[in-house]
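This report covers how two chains meet and how one of them is divided. Please view the sequence and the structure together.

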Amino acid sequence: MDVAIVGIGLHPFGRFDGVSDLDMGVFAARQALRDAGVAWGDLQFAVGGSLGQTLGGGASPDTMVSRLGLTGLQFINVSNGCATAGSALAMACNSIQAGVFDVGLVVGFDKHARGAFDPDPASLGLGQWYGDVGMMLTTQFFAMKINRYMHDFGITRSTLAKVAAKAFRNGSLNPNAWRQKPMSEEEILAAPVLNYPLTQYMFCSPDEGAGALVVCRADQAHRYTDRPVFVQGISVQTRQFGSFEVMAPWLPIERGHAPTVDAARKCFEMAGVGPADVDVAQIQDSESGAEIMHMAENGFCEDGEQEAMIQAGETEIGGRLPINTDGGLIANGEPIGASGLRQIYEIVLQLRRDAGQRQVPGSPRVGYTQVYGAPGVGACTLLTT
Amino acid sequence: MPATTQSPVAPGLFTWPSEAPQLIGSRCRDCGVMTFPAQSDCPGCTGDGMEESLFDRRGTLWTFTTQGFVPKSPPYSIKEDPATFVPYAVGYVEFAGQARVEGRILENDPDKLAIGMDMEVVVVPLRVDEDGTEIMTYAFRPVGEAGGG
């Protein structure tokens, strides 16, 4: 892959009454353009992601041209569940790799309603009965997956709480995060159980925000910045037969591996590096159990090793493999179209050594991101200085 | 007791009325994969040779959780008052040699549920519609629970 990220922008995540999804997208886009020192009129293409455009109630990302300028560029809208942002970046990278374009924008935003997602069963090909009986909730899936995983691999509730406490602690060091107040493991464990074994503060919530990246041909990166970050690997994979996925009325007896496993392998293979080479990672923590399971699915450890790793603090900012240094989804919430771009924004900051109080020590050179979502899609990127 | 009309939450999910209700799935004639609910195509071998097949009445609990907050309605069919909402449990029951099926569980205390415990299929009222019709759903019940059997 010969693609560079030369500009980054982020609208803070949280709740912003009176600010539209498009306002946030434009904010992030302009910040990314300024960061790259490139004019909107110089961009040849854009890819914009959001879930709101397909759920209803959200703007189509391409309507941003009426705010940023009607230059006639190609602008393609993307909506691919929780992997929307990863999919938007993959499309942009493929366009550059194919030689179609030299420089463009990837942008994503969403402004979700308060509370848990409440999709129409029909949107996932399910009968209305599935919602009628009270099973159309993503949170139930995450709870059932970690409940089984704890049973199989000896993960404890204390470790679930440690992951959430780390998220809030890292969020407190991130001025763009929604949740910036540290919380103790005791408070997290004592909170109401939303879906056993997970408590209120172990979950992320849908919210609002936007992210943007200026991407270009790697050999042209130095026109825009002296600190480019290169996309060495990128992959988006759907689920294999037997994978345990969100909103599934049934599962085959034979277990298949998760889509993240395929996406991670493909991403590392493309980049020519392995999980052990990664200096800092942002992975999908829809709830604290997801971060634990995704550590193994991405190849950072074997199933069950997370218990000792997390108890020893290895995934903290100063640890062997810092994970979710910006507070992850738990502290930032999840505006789906922007969530994966937030992860990449954080990795670029870390690799530029611009992450301030939450900067990982040393000279991180290799960063990694992963998003996962309904109905079973994983998207990964491998980024280097 | 006045006579009440009962109606399944959706046709084709379970055999009913029946003293011994069973879930209705489909099995692939080519590779043997079993789905729930029944569908015409096989997600295992990509073929389309599915035929209707009934699940066993008993299985074991593969995983579970509780629903501790009021689900949004729709898609949930019951408009619950947060003040009176009673959490419910859901889980997957593994039917040996068939598939794991998701459903509500008639025991909402997680301390009384355990992965691997024996479960059976029952059909119970989910809610009562405005016209008095009882909407019936399948659910799983721990075997040996008081009143069970």
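## Terms and model

Two strands pair if DSSP finds at least two bridges between them. Strands are DSSP runs of E with at least two residues, numbered from the N terminus. The model is predicted: local features need pLDDT of at least 70, side-chain atom pairs count only at pLDDT 80 or more, and totals for chains, interfaces and linings use all residues. Residues are numbered from 1 along each chain as its sequence is written, while chains are lettered from A and ligands numbered from 1 in the order in which they are written.

## Strand pairing across the chains

Strand 9 of chain A (residues 250-251) pairs with strand 7 of chain B through 2 bridges, in the antiparallel sense. Within strand 7 of chain B, Val101(B) is the bridge partner of Trp250(A).

## The contact between chains A and B

Counting residues as in contact if their C-beta atoms, placed from the backbone, lie within 7 Å, 32 residues of chain A meet 37 residues of chain B. On the chain B side, at least two residues come from each of strand 5 (58-67), strand 6 (88-95) and strand 7 (99-105). Strand 5 of chain B gives the most, 6 residues.

## Domains of chain B

An automatic or database domain assignment gives chain B domain 1 (13-55) and domain 2 (57-149). Their centres, taken over C-alpha atoms, are 21 Å apart. In the contact between them, domain 1 of chain B supplies 12 residues and domain 2 of chain B supplies 10 residues.

Note on methods: Contact = placed C-beta atoms within 7 Å. Helix = DSSP H or I, 4+ residues; strand = E, 2+ residues; numbered from the N terminus.
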